[in-house]
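I opened a notebook on this complex to log what I looked up. The entries follow in the order in which I made them.

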Amino acid sequence: MNTHNHLPETNKNPKGAVFSDFGSTAQKVGDLGWWFVFFGVVYVILIYKVVFYEALSNHLFFGFYSVLITTYILSRFLLAYVHKPVQVDVRYEPTVTFVVPAKNEEAHIAETIQRFAEVDYPREKVEVIAINDGSTDRTLEEMHRVAEEIRYSVRRIEVVDFKVNRGKRYGMAEGVKRAEHDIVIFIDSDSFIEPSAVRHLVKYFADRSVGAVSGHTDVWNRDTNLLTQMQAVRYYISFKVYKAAESIFGTVTCCPGCCSAYRREYVLKFIDEWLHQKFFGVQCTYGDDRSLTNFMILKYRAVYSSEAQAHTIVPDTFGKYMRQQQRWKKSWIRETFIASSFMWKKHSLAALSFYSYVFLAFVSPIVFFRAMVWFPVVYHTWPIVYLSGLFLMLFLHGLYYRIQVGPRAWFLAICSFWFNTVILMWQLPWAIMTLRDTRWGTR
Amino acid sequence: MYIDLSLRRMLPMLVIGMVLLVSVAATGNIKERRYGSTPPVASIGFAWQELTLRVRYAIESSVWKTGQVASAAFSFFSGEEEATRGGAGGRTARAIPVLTYHRIVGNRNDLNNVTVRNFSDQMFALKRAGWETITLKEYMEFMDGTRELPERSFLITFDDGAKESFYPVDPLFDMLGYEGVIYVIASAMYTEKSTYYLSPNELRRMLDTGRWEIGSHSYDGHRPYPTDRNGNTGIFFADKLWLEEESRLETTEEFTARVSNDLAHARKVLEDEYGVIVNTFAFPLGNETGIEGAANFPPGAGITEDEAEKLYDLGFLQTDNNNFTFNYLEDRSFIARRIHVDHDWSGERLLRELEGGLPKELPFEDDFSRDRGWIPAWGTLDLGTNNFLLRADEGASSASAFLDGSALWADYSFDATLNWQDGSVFLLADLTNSKTYNACVFSPGTVRIQSTKNGETRVLAEIRDPKFAYGESARMGIRVHGAVIECLWDYSSVVEAYSRAMSAKGGIGIQVWNPELGSAAVQVWSILVRPFGS
């Protein structure tokens, strides 16, 4: 696979064609250099583990954690590397329905919907359903205006208007129920898809066992500030590496709402159960995408299509970012709890990966506390080993990003990520404590 | 499963995986070979220090060499003779200085150890002045009289066998072409995972460089041992130790056996481990007499010296202010002395010590415009910039100083012009240490000839005459030749004695004495030492 398939586009030319790279020799040599650095860092990490193993092995539990997290992360890269994409088959063209639930998105909704008219797919096989979820701004007006604009570029467009806000989950369910086509593609109201994305999403559905396909989403506003640059790296890696690794076994745990396709036939089987999902007696009002994927992978498969490109707008202030992360963490806990009940039935490697990740996620705050608070206070040692180990790992991810997407602000993003770990690490325990508080569920 | 396990896809990963595994294994192997049981992080630290120092010294030396070539070219074109310092050309050594270091450290507040910066300054200063290191073998052969060495030759030793004696030093030695000796505590090198002591693998690598030799610094005699039931501690090689089970101090026989065993065991362990001959010994803690006031066995240090002499060819003690700093071919003995390099000595200071200690030629003239190597044995000496002021310390009745590098002088006259205002002035000749000499003692109205040996004084002759009186520029002298000791006043001989040893050799010194405590002082304007008969 050519690593230059998905060159970054500039924001100034968002609708322009993806420029193909000429792959000059200099570029290849440069890439080779970066790969050399990448594996150099892997070498350093391995040495690091050997060096500190002795210190860690004094404590079986933390020694185990240390070995496991390294194995887990390095194996993600390896699995992502062997992830095999499916070829586009032009003879397989199922009908598709774009479903866009929106609330107070007057700024972006028009762009989001306009892009459906420009997709590289037969117009008579495209349907659009936009749901206004009780917006208090001009979202509905915008929807009607764009619907009029593109009505001849798609087979059917429908604007649904909820007079009062009912929540994203109701909007999605409404879209699924009203859809007349085979494949439902959820697009968030602040996300934009590339014209080629549809074919790359639907190609996986030729396999009847596939129920959901996640597209690849990049950060649209990545150059706004360091926070969005950091999220750009995080998005890229979590899709290209972690989702790709999950995808091998068809157990992608979250096909995100910003750009994912579902087979409507399968979704209809559990849509009401999903809509009224309760967790410990509390109505679930967030993490709708993760929850829907979870229902799907109980019986079917969910995969990741790295060629299906979309973009999304991410929070550009720290407060908004924290609230978003908190919402995601809560749904992660809920859905992980549910998934834990059936993941063991999947491919053993998939199950192993899943339970390892759960273990690591719950233990890492403890390790963090031990290294950053307990040891400094009790033994007066600086957490140099912990912080440098963490940095090495993040640096590895940053390098991967740099190699794949070219020269972008990656290093500072990694540094900021490193710094933010101090805060992000506490989200999981915090989320557990506030799990039943659904107020943060709405934006 | 969406997985591509084709050979085309897997092969690069397999290759990279193999390379990574081999690299990690090789790294572990290299670490084991080079750093032995040193903890990995410390190994990285030492490797880093070694690397950065190598780079730094390579740059410094290329700058220095370029400068040398440039100045050589300059003097060639301008037709100047290249000025060589002290006219070293072709002269051979008659005495060798030995330097003692411990660790070379990064911390500036360490009062026992020289910093990396000072150490490199010292070595560069010596190198520029033409000083070259010698090996232990060369030292021994020189002392046996079977080898000639250039005049500016010296031996560098490092005590304890610490890592910081090797890693910060070796890059510099490599660059300067210097060599060193490390005195290893044989038991300490087996300390597992030590970040302090060199481990056997490191010592082996060190010996393999060809720049290093090792000597014995005892097997386990470097740490404090209990000397009574209360846990007070003493010195392994000087004090009788407390035997807890029997609730008593050991006997002299037990002391001797213990010391002898340790000395023999250290040599055997080192020789077996490294396959080299270990025939020199550096006394731990540099101490002959034990801790002052706490010593419980005054003859102990002497017994240790005797036992060491049975097992080794050479034993090193530190110099003190009572002895010449260099080791002389003429009075070769089992015990040799080392100069302890203080933590705050600059390169210039160390160079001054060594240049001052070089054997001096007669005639010798000193106007005290700079320090030519005077050592205050006791009291305080203000020296340099045309001044020589010797004063007794508070609570003391006398002060004494002698001239380093004068040890080989024989048959000479020593004249001094001085400002004599109180007390008595001693002019010393035939001085072999600060307590063994012949002297002319000038007191108001009296001149006496004395012979002092290890602090025991004998009066040989005396004359009374009122002309021996205080004055701003009193001219005194002492003349030694054959069996004769003469004292001179205003250039004329006033009293003689005839009991001097015929072949006596030794240097000069000046003492001042006043029974009123803390008041003895003398200011010397100039001195002149001429060979007898000229």
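**Entry: interface**

I took a salt bridge to be a side-chain nitrogen of Lys or Arg within 4 Å of a carboxyl oxygen of Asp or Glu. The model is predicted: local features need pLDDT of at least 70, side-chain atom pairs count only at pLDDT 80 or more, and totals for chains, interfaces and linings use all residues. Residues are numbered from 1 along each chain as its sequence is written, chains are lettered from A and ligands numbered from 1 in the order in which they are written, and side-chain values use heavy atoms, with hydrogens and water left out.

I next looked up contacts (heavy atoms within 4.5 Å). On the chain B side 16 residues are in contact with 25 residues of chain A. The area buried between chain B and chain A is about 1900 Å², and carbon and sulfur atoms give 71% of that area. Buried area here is the accessible area (1.4 Å probe) that two parts lose on being put together, summed over both. In chain B, Met1(B), Tyr2(B) and Arg9(B) lose the most area to chain A, together 41% of what that side buries.

For polar contacts I used a pair of N or O atoms within 3.5 Å; within protein, one must be able to donate a hydrogen and the other to accept it, and residues adjacent in sequence count only if both atoms are side-chain atoms. Between chain B and chain A I noted six residue pairs in polar contact, both residues at pLDDT 80 or more. Helix 1 (7-35) and helix 2 (40-77) of chain B are the elements that give two or more residues to the side of chain B that touches chain A. Helix 1 of chain B gives the most to that side, with nine residues. Helices (H or I, at least four residues) and strands (E, at least two) are DSSP runs, numbered from the N terminus.

**Entry: Arg211(B)**

Is Arg211(B) buried or exposed? Arg211(B) is buried because its relative accessible area is 17%, and buried means under 20%, exposed over 50%, partly exposed in between (1.4 Å probe, protein chains only). Arg211(B) lies in the loop between helix 6 (200-208) and strand 8 (212-216) of chain B. I found a polar contact of 3.0 Å between the side chains of Arg211(B) and Asp174(B). Not counting residues up to four places away in sequence, Arg211(B) touches several residues, including Arg54(B), Asp170(B) and Tyr178(B).

**Entry: salt bridges**

Over all chains the structure holds 66 salt bridges. One of them joins the side chains of Arg152(B) and Glu355(B) at 2.7 Å, N to O. This pair links distant parts of the chain, 203 residues apart: Arg152(B) is in the loop between helix 4 (136-143) and strand 6 (153-160) of chain B, and Glu355(B) is in helix 9 (residues 347-357) of chain B. Arg152(B) counts as buried, at 6% relative accessibility.

In chain A, the side chains of Arg145(A) and Glu149(A) meet in a salt bridge of 3.1 Å, N to O. Both residues lie in helix 4 (residues 139-150) of chain A, four residues apart, about one turn of the helix.

**Entry: confidence**

The mean pLDDT of chain B is 89, and 96% of its residues reach 70 or more. pLDDT is the predictor's confidence in each residue, from 0 to 100. Over residues 82-88 of chain B the pLDDT is below 50. For the complex the predictor gives an ipTM of 0.79 and a pTM of 0.77.
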